[in-house]
Amino acid sequence: MAGINLSDRSKVLAIIGQGYVGLPLAMAAVDAGWSVLGIEKSASRVEQLNSGLSPVEDISDARLAKAIKDKKYVASNNPSEVANASVVTICVPTPLDESRNPDLQLLESATRDVAPHLSSETLLVSESTSYPGTLREIIIPIVESLKSRDVKDLFYASAPERVNPGDPVWDQKNTPRLVGGIDDNSQKRALAFYNSICDSVVATSTPEIAEAAKILENTFRLVNIAMINEFTQLCSTQGINVHEVINAAATKPYGFMPFRPGVGIGGHCIPVDPLYLTWWARKRGLVASLVERSDEIANQMPTYVAERALAIAKGSMIEPKVMIMGVAYKPGVGDVRETPASALRAALVARGAEVAWVDPLVPLWEDTQPVTEEWDCDVAIVATNQPGLNVNSLLARGIPILDCTNNYGDQTGVELL
Ligand SMILES: NC(=O)c1ccc[n+]([C@@H]2O[C@H](COP(=O)([O-])OP(=O)(O)OC[C@H]3O[C@@H](n4cnc5c(N)ncnc54)[C@H](O)[C@@H]3O)[C@@H](O)[C@H]2O)c1
């Protein structure tokens, strides 16, 4: 393909899916000397990428444009290009379906798209998050049934991505990478590949261990977030400042890790991955009851926050005006996927409120435009502490604020969760 040097297949990487995971991986691989084919289904995203415009915050336009100019990166929507690569990684979304069960359709169709085009001696890695057994039970059977007849020696591994969008410290290079190959040869190749990109690679004895570890990491976060949100509600009924409690507990030098309350859980990982675990348990006739309960508590939190805010606005008003400040699922990113602000807005509207929002990093949210901080409201909720939020402009006008982020508690007129 035009754009990059394909003459040395051993240094050509194809990445399926060019989003929050696939594009940063592509740039890390370019830095490590790979020529990268970014295989992307969305034609408009391919066009955007090849114009040097990055769709994700963690990759600057300048970095992408340089990789293109140096002929080290090109995006394409033609999956047959994987024939040029010695390593193919799958980085497509693994969401939930309408029943909140794992939806592997995109992963399966991406696998079907590339399987017939893989060359002999190719390493295929899944980086997408999924339940243990996905590589062995879903991906490999699809490839083995669709691969070209004369193709020999395909190698398979799971290496779940741990990227944390917006994190200024941890990225693809310096975050230790779990790698689980299906057999010794696969493991050897997968370790060599990730060692060429990452500072630290951790071998697991099977792909299932790597897949399960990724699910454990995010389930650990869900359970602890739910626990602190429940604890916050208990403290609030007794007038106890939960943040002081957390700070006090965190002075213990061992055995405690502070988690903070908030509007709920958001993003593509914490609200989703633990449900891959609960589904996986139920498929085996078991119930991951603590995880299921944590999911319920986390999902009730936006309603609790809405009621707290409306109480501040003196619930007797007919149609209180409420401003949500920060609607992305976490600070520093414009990503509104699975943001708990959606459930917060719905809970406020269901209780008769007129709701508007501001977020310096989000131009459009669920087909609605932001207002400015000048919007006249009865109460504001700081849901996500986005850089650039102007809380002072509301306080100066005497508008009470419910701060769910523990950033403005020392100011008059601000109530913390
Ligand atoms: N975003 C995160 O913070 C994060 C962190 C760790 C792991 N993960 C996991 O990584 C995986 C990818 O997530 P993401 O956030 O990068 O998703 P994303 O939505 O940002 O990007 C995925 C891209 O894949 C493309 N795509 C879908 N099907 C395709 C196909 N058949 N061929 C080519 N391209 C296709 C989509 O158009 C999209 O551009 C998921 O399993 C997710 O759980 C995400």
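User: Before we start, what does it take for two strands to count as paired?

Analyst: Two strands pair if DSSP finds at least two bridges between them. Keep in mind that this is a predicted model.

User: Okay. What is the order of the strands in the open sheet of eight?

Analyst: That sheet runs β3-β2-β1-β4-β5-β6-β7-β8, and its pairing is mixed.

User: What makes β3 and β8 edge strands?

Analyst: Each of them, β3 (73–76) and β8 (201–203), pairs on one side only. Going from one strand to the next, the twist averages 25 degrees.

User: How do you know that β2 and β3 are joined?

Analyst: Count the bridges: four of them link β2 to β3. The rule asks for at least two, so these strands pair. They run parallel, and I39 stands opposite S76 in β3.

User: Which helix lies across β6 and β7?

Analyst: That's α7 (residues 207–237). Its direction makes an angle of about 145 degrees with β7 (177–181).

User: What is the order of the strands in the open sheet of five?

Analyst: Here it's β10-β9-β11-β12-β13, with parallel pairing. The edges are β10 (354–358) and β13 (414–416), each pairing on one side only. The twist in this sheet averages 25 degrees from one strand to the next.

User: How do you know that β9 and β11 pair?

Analyst: Again, check the bridges: β9 (residues 321–325) and β11 (residues 379–382) share four, in the parallel sense. Since at least two are needed, the pair counts. M323 has A380 of β11 as its bridge partner.

User: Now the core. Which residues touch the most other members of the largest nonpolar core?

Analyst: I16, L37, V82, V88 and V143 do, out of 35 residues in that core. Two or more residues each come from β1 (12–16), β2 (35–39), β4 (87–90), α4 (105–114), α5 (134–146), β6 (154–158) and α9 (273–283). Helix α5 gives the most, with six.

User: Which elements give two or more residues to the lining of the largest cavity?

Analyst: Those are α5 and α7, and α5 gives the most, with three residues. Among the lining residues are S126, T134, S158, E211 and K214.

User: What makes a pocket something other than a cavity?

Analyst: A pocket is an open set, whereas the probe cannot get out of a cavity. The second largest pocket has a volume of about 220 Å³. Of its 15 lining residues, D58, I59, R63, D171 and Q172 are the closest to its centre. Helix α1 (residues 22–31) supplies the largest share of that lining, three residues.

Technical notes
Residues are numbered from 1 along each chain as its sequence is written. This is a predicted model: local features need pLDDT of at least 70, side-chain atom pairs count only at pLDDT 80 or more; totals for chains, interfaces and linings use all residues. Side-chain values use heavy atoms; hydrogens and water are left out. A nonpolar core is a set of buried Ala, Val, Leu, Ile, Met, Phe, Trp, Tyr and Cys residues joined through side-chain atoms within 4.5 Å. Buried means under 20% relative accessible area, exposed over 50%, partly exposed in between (1.4 Å probe, protein chains only). Axes are lines fitted to C-alpha atoms, for helices over the stretch in contact, and angles run from 0 to 180 degrees between N-to-C directions. Contact means heavy atoms within 4.5 Å. On a 1 Å grid over the protein atoms alone, a cavity is a set of points where a 1.4 Å probe fits but cannot get out, and a pocket is an open set with protein on both sides within 12 Å along at least five of seven lines; lining residues have an atom within 4 Å of a point. Grid points are joined across faces, edges and corners, and a volume is the space filled by probe spheres set on the points.
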